[in-house]
Each structure stands twice: as C-alpha cells, then as structure tokens.
Amino acid sequence: MLGTSAVILLLFSGKVAGISGIFSGLLQPRKRDFLWRLLFIGGMVLGFFFSPNASSALTSPSIALYIIAGLFVGIGTRLGNGCTSGHGIIGIARLSKRSILATCIFIGSAMLVVFFR
C-alpha cells in the first residue's frame with residue numbers, strides 16, 4: 001500500500017512520499033502544503049485502526065515502550081535524512097546511491113537486532 005500511495009502521490013503532485021518528510025512538513029507548515037500532508041498521515045493513522053492487531057497494540061502494557069521506540073525512530077530519520085519508506089521505496093526506485101546504502105544499513109541492523117530479543 002505504501003508503494004501504491006507513493007506512485008499516486010508522485011504521479012498526481014510530483015511529490016515524494018517519504019513519511020518522515022511528509023510528517024516534518026506538518027510541523028513546519030507552508031501555505032498550500034499542509035492539507036495533503038495531513039490527509040496522508042491521517043490516512044495512515046486511520047488505517048492502523050482497521051488492522052487486525054490494533055486493539056491488542058493499544059491495550060498492550062508496553063504502549064509506553066512503543067511511544068519511546070517511536071521517538072527514537074523519529075530521531076533516526078532526522079539523522080539519516082529520511083525513513084525506510086523514503087529510502088527503501090522512493091530512493092531505490094530513483095537509483096539514489098545514498099538510499100541504497102541507507103536501506104542496506106536498515107536491513108542489516110534489523111537482521112542483527114532480531115538476535116537480541
């Protein structure tokens with residue numbers, strides 16, 4: 001679904017669908033650039049509530065841990081100049097060397113982290 005939304009956004013508005021960039025644009029709004037960002041992020045949040053795991057995630061005793069983890073992800077996306085969706089879906093499709101390297105680092109880190117659980 002992210003890939004489809006990225007293609008639609010690029011075709012109809014010429015904008016790149018990197019979630020961290022879209023979200024940061026909400027925090028520093030510009031004229032005529034706020035509504036589509038709000039609708040895009042709102043659609044993602046709304047989509048969560050239609051997922052089969054939404055109720056268990058919201059009632060989990062580790063909801064605070066999810067929030068803290070989300071903050072760390074946000075910091076990481078600022079440091080990495082984009083998030084996994086921006087680099088992995090959009091950047092690789094555009095053959096960006098930086099995005100290819102970043103995606104390899106994301107995947108490698110994820111493969112390593114699973115052993116610490």
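In what order do the elements of the protein chain run from the N terminus on? They run α-α-α-α-α-α-α, and the protein chain accordingly holds seven helices and zero strands, where helices (H or I, at least four residues) and strands (E, at least two) are DSSP runs numbered from the N terminus. The model is predicted, and for that reason local features need pLDDT of at least 70 and side-chain atom pairs count only at pLDDT 80 or more, whereas totals for chains, interfaces and linings use all residues. Residues are numbered from 1 along each chain as its sequence is written, and side-chain values use heavy atoms, with hydrogens and water left out.

The C-alpha trace of the protein chain spans about 40 × 30 × 25 Å along its principal axes. Of the 117 residues of the protein chain, 22% count as buried, with buried meaning under 20% relative accessible area, exposed over 50% and partly exposed in between (1.4 Å probe, protein chains only).

Two packed helices are described by the angle between their axes and the distance between the axes. The axes of α2 (19-27) and α3 (35-49) come within 9 Å and cross at roughly 125°, the axes being lines fitted to C-alpha atoms, for helices over the stretch in contact, and the angles running from 0 to 180 degrees between N-to-C directions. The helices α2 and α3 are therefore oblique to each other, on a scale in which angles under 35 degrees count as roughly parallel, over 145 as roughly antiparallel, 65 to 115 as roughly perpendicular and the rest as oblique. In this pair α2 passes α3 in a left-handed crossing, a crossing being left-handed if the near helix is turned anticlockwise from the far one by less than a right angle, and right-handed if clockwise. The helices α6 (84-93) and α7 (97-113) pack at an angle of about 135°, with their axes 9 Å apart. That angle makes α6 oblique to α7, and α6 likewise passes α7 in a left-handed crossing.

The loops that join the helices of each of these pairs contain a residue with a positive phi. Most residues other than glycine have a negative phi. Arg32, in the loop between α2 and α3, has a positive phi of about 60° although it is not a glycine, and Arg32 is exposed, with a relative accessible area of 85%. Leu95, in the loop between α6 and α7, has a phi near 60° and is exposed, with a relative accessible area of 68%.

On a 1 Å grid over the protein atoms alone, a pocket is an open set of points with protein on both sides within 12 Å along at least five of seven lines, a cavity is a set of points where a 1.4 Å probe fits but cannot get out, and lining residues have an atom within 4 Å of a point. Grid points are joined across faces, edges and corners, and a volume is the space filled by probe spheres set on the points. The largest pocket is lined by 28 residues, of which Ile19, Phe23, Gly70, Val73 and Gly74 lie nearest its centre. At least two residues of this lining come from each of α2, α3, α5 (63-79) and α6, and α5 gives the most, with ten residues. The lining of the largest pocket divides into 17 nonpolar, ten polar and one charged, where Ala, Val, Leu, Ile, Met, Phe, Trp, Tyr, Cys and Pro count as nonpolar, Asp, Glu, Lys and Arg as charged, and the others, Gly among them, as polar.

The second largest pocket has a volume of about 420 Å³ and is lined by 21 residues, of which Val16, Gly18, Gly21, Asn81 and Gly82 lie nearest its centre. The elements that give two or more residues to this lining are α2, α3, α5, α6 and α7. By class, the lining of the second largest pocket has five nonpolar, twelve polar and four charged residues.

A search of the whole structure finds one cavity of 30 Å³ or more, and the largest cavity has a volume of about 30 Å³. Its lining consists of Leu2, Ser5, Ala6, Ala17, Ile19, Phe40, Ser85 and Ile89, with α1 (2-13) and α6 as the elements that give two or more residues. The largest share of this lining, three residues, comes from α1, and the classes are six nonpolar, two polar and no charged.
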